[in-house]
Amino acid sequence: MTEPAVVAVVGMGYVGSCVAATLADRGLSVVGVDTDDALVDQLNRGATPLKEPGLTKLIATEVDSGRLRATTAEWACASADVVLLTIATPVRQDGSLADEHLRAACTALSANLRSGQLVILKSTVPPGTTRDVVRPLLEAGGLRTGTDFALAYAPERLAEGTALHDLRTLPVVVGGFDPYSTRLAADFLHSSLGTPTLPQQSLEAAEIVKLADNWWIDLNIALANELAMFCDLYGVDVLDVITAANAIPKGDGHVNILRPSVGVGGSCLTKDPWMVWQSARRHGLEITTAPTGREVNQRMPGYTARLILDDLATRGVPPAEATVAVLGLAFKNDTGDLRATPTEPVVAALRATGVRVRVHDPLVDPVRAHQTFGLPVTDTVEEAVRGAHCVALLAMHRQFQAVDFARLPVAESCLVLDGRAYLSKEKIATLERLGYTYRGIGR
């Protein structure tokens with residue numbers, strides 16, 4: 001297709017902001033549409049509440065250049081050649097899609113849709129959503145899919161912390177309502193992002209690709225977590241086992257067991273397997289691996305808390321007299337994202353036994369962290385660990401690499417609980433020489 005004059009991005013959350021800023025940086029004129037007045041005002045000042053590396057600077061640059069602006073006016077979509085839908089798609093308690101925001105966005109877009117536009121849904125959805133939910137809502141305005149406008153699905157596959165790089169390098173999956181929609185969307189995505197595209201034969205195929213990715217990741221981590229608990233029974237370091245196991249060629253690559261941790265968090269891995277499970281059940285198929293992976297990973301915060309409590313018991317420290325310092329509250333290293341963070345249930349489990357817990361994370365919003373954990377965030381590592389019987393590394397940010405354990409004002413007998421740091425054997429030996437006890441997940 002010819003280079004579009006204007007792209008509208010509907011939903012300026014994490015995905016929408018990253019996509020909009022990247023497209024503007026690639027030379028396109030982009031308007032971000034969102035219902036949040038405060039967010040729109042912040043974006044138009046060249047700022048963002050998101051902490052994705054490089055995003056704030058990119059948004060500021062593109063707003064200043066005039067290529068990126070934001071608005072709450074839904075009619076702004078009418079002037080766009082391409083409309084990207086990047087709406088939040090959470091799941092309900094039963095695993096079904098909570099599609100209220102998606103439906104509202106599509107209904108609003110239908111009133112502003114014009115002939116010749118290309119609409120691409122990027123939100124993660126169950127198979128059939130683009131065809132059976134999005135399409136009829138868009139057609140309610142009188143235009144017809146495949147005749148008056150093109151419709152495609154191209155899932156976001158970004159990893160938090162590397163999103164801007166991923167947008168410029170990862171192949172883009174795309175499936176259209178018809179061959180013309182697929183080709184039009186593939187051409188646009190390839191020309192606008194400069195990345196290869198992976199066209200699929202249908203909307204549903206493209207929808208399933210995203211779910212398959214996260215289904216696999218969550219299940220693989222569940223395997224790693226149970227392998228870690230299994231290794232712990234025999235005093236074996238799970239990372240040694242994983243390294244050796246992954247050396248075996250299999251298929252087009254190698255065995256690829258991921259690493260265990262305190263648990264899985266974020267907005268994708270914690271919900272996408274439930275989309276798979278619920279979608280299959282609606283068609284009479286009982287999927288077992290998706291809920292099994294979820295069950296395993298949801299147990300890990302409790303397992304982690306038990307490691308700490310068992311160590312305290314071994315040393316004869318009653319929970320009511322114990323202090324645990326938690327360093328790293330986010331669900332992922334080097335981010336400040338608290339969505340579904342597994343650290344929260346670890347803290348809750350410890351506090352339920354009477355343990356005094358202090359928390360510290362230089363990357364999180366302290367107000368939101370206080371709301372999530374019910375505890376104030378300490379200003380420094382030293383304040384968090386003062387007199388602590390355990391230092392729990394539950395998100396190993398780069399800032400923590402420089403922590404001098406020899407100078408920390410911890411209790412005389414102190415455990416270092418490694419929930420996501422994956423400390424080297426050399427570092428572990430140094431800690432033990434300093435008088436610390438070390439425990440990891442499967443280590």
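T341 sits in the loop between β11 (323–327) and α12 (343–352); helices (H or I, at least four residues) and strands (E, at least two) are DSSP runs, numbered from the N terminus. This is a predicted model, in which local features need pLDDT of at least 70, side-chain atom pairs count only at pLDDT 80 or more, and totals for chains, interfaces and linings use all residues. Residues are numbered from 1 along each chain as its sequence is written, and side-chain values use heavy atoms, with hydrogens and water left out.

T341 has a relative accessible area of 4% and is therefore buried; buried means under 20% relative accessible area, exposed over 50%, and partly exposed in between (1.4 Å probe, protein chains only). Its side chain reaches the backbone oxygen of L329 at 2.7 Å. A polar contact is a pair of N or O atoms within 3.5 Å; within protein, one must be able to donate a hydrogen and the other to accept it, and residues adjacent in sequence count only if both atoms are side-chain atoms. Not counting residues up to four places away in sequence, T341 touches L329, A330, F331 and F373, where contact means heavy atoms within 4.5 Å.

A340 is found in the loop between β11 and α12 as well. A340 is partly exposed, at 44% relative accessible area, and has a positive phi of about 50° although it is not a glycine. Another non-glycine residue with a positive phi is Y422, near 55°, in the loop between β14 (414–418) and α15 (425–433).

C268 belongs to the loop between β10 (253–254) and α10 (272–282). With a relative accessible area of 22%, C268 is partly exposed. Leaving out residues up to four places away in sequence, C268 touches E156, K210, N214 and P273. C268 and I287 are 19 residues apart along the chain, and their C-alpha atoms are separated by 18 Å.

In helix α2 (residues 37–44), the residues L39, V40 and L43 are buried. They lie on the same side of α2 because they cover an arc of only 100° around the axis, the arc being that of the directions from the helix axis to the C-beta atoms. The face turned away from the buried side of α2 carries the exposed residues D37 and A38. Among the elements covering the buried residues of α2 are α1 (14–25), α3 (55–65) and β3 (68–71). At the start of α2, a side-chain oxygen of D36 comes to within 3.0 Å of the backbone nitrogen of A38. After α2 comes G46, with a positive phi near 80°.

A search of the whole structure finds three cavities of 30 Å³ or more. On a 1 Å grid over the protein atoms alone, a cavity is a set of points where a 1.4 Å probe fits but cannot get out, and lining residues have an atom within 4 Å of a point. Grid points are joined across faces, edges and corners, and a volume is the space filled by probe spheres set on the points.

| Cavity | Volume | Lining residues by class |
|---|---|---|
| Largest cavity | about 110 Å³ | eight nonpolar, no polar, four charged |
| Second largest cavity | about 50 Å³ | five nonpolar, three polar, three charged |

Ala, Val, Leu, Ile, Met, Phe, Trp, Tyr, Cys and Pro count as nonpolar, Asp, Glu, Lys and Arg as charged, and the others, Gly among them, as polar. The lining of the largest cavity includes K122, E156, R157 and D166, and α6 (163–169) and β7 (172–176) each supply at least two of its residues. Y422 is one of the residues lining the second largest cavity, which also include D418, R420 and R443.

Technical notes. 1 Å grid on protein atoms, 1.4 Å probe; cavity = no way out; pocket = protein on both sides within 12 Å on 5 of 7 lines; lining within 4 Å.
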